[in-house]
Amino acid sequence: MREIVFRGKSTHSDEWCFGNLVDYGDGEVEIQGFDVFREGIDDWKEIKVDSKTVGQFTGLLDANGKEIYEGDIIKSPSKNIRHFINYNESRGAFTATLINKYMNDDCGLKTECNVEQDWLCRTKKTVVGNIHDNPELLRGGKDA
């Protein structure tokens, strides 16, 4: 069973926080828990975060053993082909969507697959950024 953890950027310091998600329903969202800044300090904190940056841990690790969250961007070392990770409600699964030159066009081309640990390891995918800190990585395909 995978660990349920969320991350979000603090509204005060722009740092990433990790822990339990609390949504008060009024636009205010918090990450709560021990060691939310992952500094090894065993102290309970409640940190307000930007709701647009909240992403859930997928339960998967990249080829280097780094946790993969919704909003992360991954790529293979041999090619500059990138995917972003999101949760697909209709599939009921975390998916990897190919970032390509057609993504922002009106042609509707969208390549998406379920994300599995075997695929991540076999293709040596690594996290290279995320859609919040590195939006430039969302520009299409090999040339970005």
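This is a predicted model: local features need pLDDT of at least 70, side-chain atom pairs count only at pLDDT 80 or more; totals for chains, interfaces and linings use all residues.
S2 and strand S3 (residues 29-34) pair in the antiparallel sense, held together over four bridges. A quick word on terms: strands here are DSSP runs of E with at least two residues, helices are runs of H or I with at least four, and both are numbered from the N terminus. Two strands count as paired if DSSP finds at least two bridges between them. In general, strands of a sheet pair through backbone hydrogen bonds, either parallel or antiparallel.

Residues are numbered from 1 along each chain as its sequence is written, and side-chain values use heavy atoms, with hydrogens and water left out.

Back to S2 and S3. Asp-23 sits opposite Val-29 in S3. The two strands make a hairpin with five residues between them, and in the turn Gly-25 has a positive phi of about 80°.

Now zoom out. Of the 144 residues in the chain, 40% are buried, where buried means under 20% relative accessible area (exposed is over 50%, partly exposed is in between, with a 1.4 Å probe and protein chains only). What about contacts, meaning heavy atoms within 4.5 Å? Among those between residues at least 6 apart in sequence, 47% join residues at least 24 apart.

S2 and S3 belong to an open sheet of six strands, in the order S4-S3-S2-S1-S5-S6, with antiparallel pairing. Strand S4 (44-49) and S6 stand at the edges with a single partner strand each, so one side of each has no neighbour in the sheet. On average, neighbouring strands of this sheet are turned by 50° against each other, direction ignored; the axes behind such angles are lines fitted to C-alpha atoms (for helices, over the stretch in contact), and angles run from 0 to 180 degrees between N-to-C directions.

Let's follow S1 for a while. S1 is joined to S2 by four bridges, and the two run antiparallel. On that side, Phe-6 has Gly-19 in S2 as its bridge partner. The hairpin of S1 and S2 has six residues between the strands, and Asp-14 takes a positive phi near 65° there. On the other pairing, two bridges join strand S1 (residues 6-9) to strand S5 (residues 55-61), again antiparallel. Here Phe-6 stands opposite Gln-56, and Arg-7 stands opposite Gly-55.

Which way do the residues of S1 point? In a regular strand the side chains alternate between the two faces of the sheet. In S1, Phe-6 and Gly-8 point one way, Arg-7 and Lys-9 point the other way, and all are buried.

There's a second open sheet, with five strands in the order S10-S9-S8-S7-S11, and its pairing is antiparallel too. Its edge strands are strand S10 (112-114) and S11, each pairing on one side only. The twist from one strand to the next averages 35°. S11 is joined to strand S7 (residues 72-75) by four bridges, running antiparallel, and Asp-72 faces Asn-130 across that pair.

What does Lys-124 touch, leaving aside its neighbours within four places in sequence? Its contacts are Ala-63, Lys-75, Ser-76 and Pro-77. The C-alpha atoms of Lys-124 and Ser-78 are 8.9 Å apart, although 46 residues separate the two along the chain.

Finally, look for the largest pocket, with a volume of about 160 Å³. A pocket is found on a 1 Å grid over the protein atoms alone: it's an open set of points with protein on both sides within 12 Å along at least five of seven lines, unlike a cavity, where a 1.4 Å probe fits but cannot get out, and lining residues have an atom within 4 Å of a point. Points are joined across faces, edges and corners, and the volume is the space filled by probe spheres set on them. The pocket has 13 lining residues, and Arg-7, Lys-66, Glu-67, Asp-72 and Val-127 lie nearest its centre. Strand S2 (16-23), strand S6 (67-69) and S11 are the elements that give two or more residues to the lining, and S11 gives the most, with four.

Technical notes: Contact means heavy atoms within 4.5 Å.
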